[in-house]
Amino acid sequence: MQTTLKIGTRGSPLALAQAHETQARLMAAHKMPAEAFEVVVISTSGDRIQDRPLSEAGGKGLFTKEIEEALLAGAIDIAVHSSKDMPTQLPDGLELSAFLPREDARDAFVGKAVKTIAELPRGAKVGSSSLRRQALIRRMRPDLDVVMFRGNVQTRLRKLDEGVAAGTILAYAGLKRLGLEHVATDLMPLEIFPPAPGQGAIGIETRIGDRAAERMLVAIHDVPTGQALACERAFLAALDGSCRTPIAGYAAIDAGKLTFAGLIISPDGTQSHTVELQGAAQDAARIGDEAARTVRAKAGEKFFDGWV
């Protein structure tokens, strides 16, 4: 049988789990066999660069650039991404067409000798490659030694076993999708440790005007997740958010009403500003943009000076 749809993805175990979840939902929605799909693994710059922070190497686009090039070239039909890895500005000719139902957006602490960040001894090492997580850890425990921790989930867990750090923070959604939720020793409350915009949501990117792909994806698109992500990505875009800026944001949808909470925090964790807005879910993007303007006005332009 000729392949109907080529699904582009990174090659990490988590990325493959997300691609196969997308395939399974499409198979169920359209009653199609597995043979109608091909998962195409594409190596990205973000996967290959492991020796320095993403903020120094080029930011979020490092995890999407090669996949998007393959999509534009027609080598794949759709691209499956972790939404939090997606830049707010997409290449010309591409769009985010669908989102799968969002998983738990919380971060999880994984400790070796202790279960929580609060139990760590003074000066203990905590590993993370995320500026947001680093800043939030420093806000909670300025006495800890926050160290750079790159690599996929399995690599980071191995580093813990090797004693590189006493603990790390990982997205709980990723652990659940990998069947590794049992390694989480503590779940971080959203109000104390707010997530990255898009965390826990799988986004599917297509070529603008590819009606065949759009028709297939509409059957698996989760509308509330799409509305929440429209708000969060608008918040991020208005703040020029990237891997160089510690920004958190989470939108929840309930019966057509959207509630958004956003935060900007200095890399050292000593200064932060929050914003909370509510409104109709259909106004998601406008709410996100308004939230960004509100928190920027609170903080003042000098707040952003000197960020990495």
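# Burial, contacts and pocket lining in a predicted model

User: Is Ile-76 buried or exposed?
Analyst: The relative accessible area of Ile-76 is 1%, a value computed on a predicted model. Residues under 20% are counted as buried and those over 50% as exposed, so with its 1% Ile-76 is classed as buried.

User: Which residues does Ile-76 touch, not counting residues up to four places away in sequence, and in which loop does Ile-76 lie?
Analyst: The contacts of Ile-76 on this count are Lys-6, Gly-8, Val-40, Ile-42, Ile-67, Ala-70, Leu-71 and Arg-207. Among these, Ile-67, Ala-70 and Leu-71 are also listed as buried residues of helix α4, which spans residues 65–73. As for its place in the chain, Ile-76 belongs to the loop between α4 and β3 (78–82).

User: How far apart in space are Ile-76 and Pro-246, C-alpha to C-alpha?
Analyst: Along the sequence, Ile-76 and Pro-246 are 170 residues apart. Taken C-alpha to C-alpha, their separation in space is 33 Å.

User: Which residue follows α4, and what is its phi?
Analyst: Helix α4 (residues 65–73) has Glu-66, Ile-67, Glu-68, Ala-70 and Leu-71 as its buried residues. The helix is followed by Gly-74, and the phi of Gly-74 is positive, near 85 degrees.

User: Where is Thr-44, what is its relative accessible area, and which residues is it in contact with beyond four places in sequence?
Analyst: Thr-44 sits in the loop that runs between β2 (37–41) and α2 (45–48). Its relative accessible area is 0%, so Thr-44 counts as buried. Leaving aside neighbours within four places in sequence, the residues in contact with Thr-44 are Arg-10, Leu-62, Phe-63, Glu-66 and Ile-67.

User: How far apart in space are Leu-94 and Thr-206, C-alpha to C-alpha?
Analyst: Leu-94 is part of strand β4 (residues 94–99), and with a relative accessible area of 5% it is buried. Once neighbours within four places in sequence are left aside, the contacts of Leu-94 are Glu-68, Leu-71, Leu-72, Glu-205, Thr-206, Arg-207 and Ile-208. Although Leu-94 and Thr-206 are 112 residues apart in sequence, their C-alpha atoms are separated in space by 5.7 Å.

User: What is the phi of Lys-31, and what is the phi of Ala-255?
Analyst: Most residues other than glycine have a negative phi. Lys-31, in the loop between α1 (13–30) and β2, is exposed at 75% relative accessibility, while Ala-255, in the loop between β11 and β12, is exposed at 82%. Neither residue is a glycine, yet each has a positive phi, which is about 55 degrees for Lys-31 and about 50 degrees for Ala-255.

User: Which element gives the largest share of the largest nonpolar core?
Analyst: The core holds 24 residues, of which Cys-231, Phe-235, Leu-239, Leu-258, Phe-260, Ile-264 and Val-275 touch the most other members. At least two residues of the core come from each of α9 (223–238), β11, β12, β13 and α10 (284–299). The largest share, six residues, is supplied by α10.

User: Which residues does Phe-260 touch, not counting those up to four places away in sequence?
Analyst: Phe-260 is one of the core residues that touch the most other members. With residues up to four places away in sequence not counted, Phe-260 touches Cys-231, Glu-232, Phe-235, Gly-249, Tyr-250, Ala-251, Val-275, Glu-276, Leu-277, Ile-287 and Ala-291.

User: Which element gives the largest share of the lining of the second largest pocket?
Analyst: The second largest pocket has about 240 Å³ of space, and among its 16 lining residues those closest to its centre are Leu-190, Glu-191, Pro-194, Ala-261 and Gly-262. Two or more lining residues come from each of β11 (247–254), β12 (257–265) and β13 (272–280). By class the lining has nine nonpolar, four polar and three charged residues, and its largest share, five residues, comes from β12.

User: What radius of gyration does the chain have?
Analyst: The chain contains 10 helices and 13 strands. For 308 residues the globule rule gives 19 Å, and the chain comes close to this, so it is as compact as a globular protein of that length, with a radius of gyration of 19 Å.

User: What percentage of the residues in the chain is buried?
Analyst: The C-alpha atoms fill a box of roughly 60 × 45 × 35 Å along the principal axes. Among contacts between residues at least 6 apart in sequence, 69% join residues at least 24 apart. Of the 308 residues in the chain, the buried ones make up 54%.

Key. Residues are numbered from 1 along each chain as its sequence is written. This is a predicted model: local features need pLDDT of at least 70, side-chain atom pairs count only at pLDDT 80 or more; totals for chains, interfaces and linings use all residues. Side-chain values use heavy atoms; hydrogens and water are left out. On a 1 Å grid over the protein atoms alone, a cavity is a set of points where a 1.4 Å probe fits but cannot get out, and a pocket is an open set with protein on both sides within 12 Å along at least five of seven lines; lining residues have an atom within 4 Å of a point. Grid points are joined across faces, edges and corners, and a volume is the space filled by probe spheres set on the points. Ala, Val, Leu, Ile, Met, Phe, Trp, Tyr, Cys and Pro count as nonpolar, Asp, Glu, Lys and Arg as charged, and the others, Gly among them, as polar. Buried means under 20% relative accessible area, exposed over 50%, partly exposed in between (1.4 Å probe, protein chains only). A nonpolar core is a set of buried Ala, Val, Leu, Ile, Met, Phe, Trp, Tyr and Cys residues joined through side-chain atoms within 4.5 Å. Contact means heavy atoms within 4.5 Å. The radius of gyration is taken over C-alpha atoms; the globule rule is 2.2 Å times the number of residues to the power 0.38.
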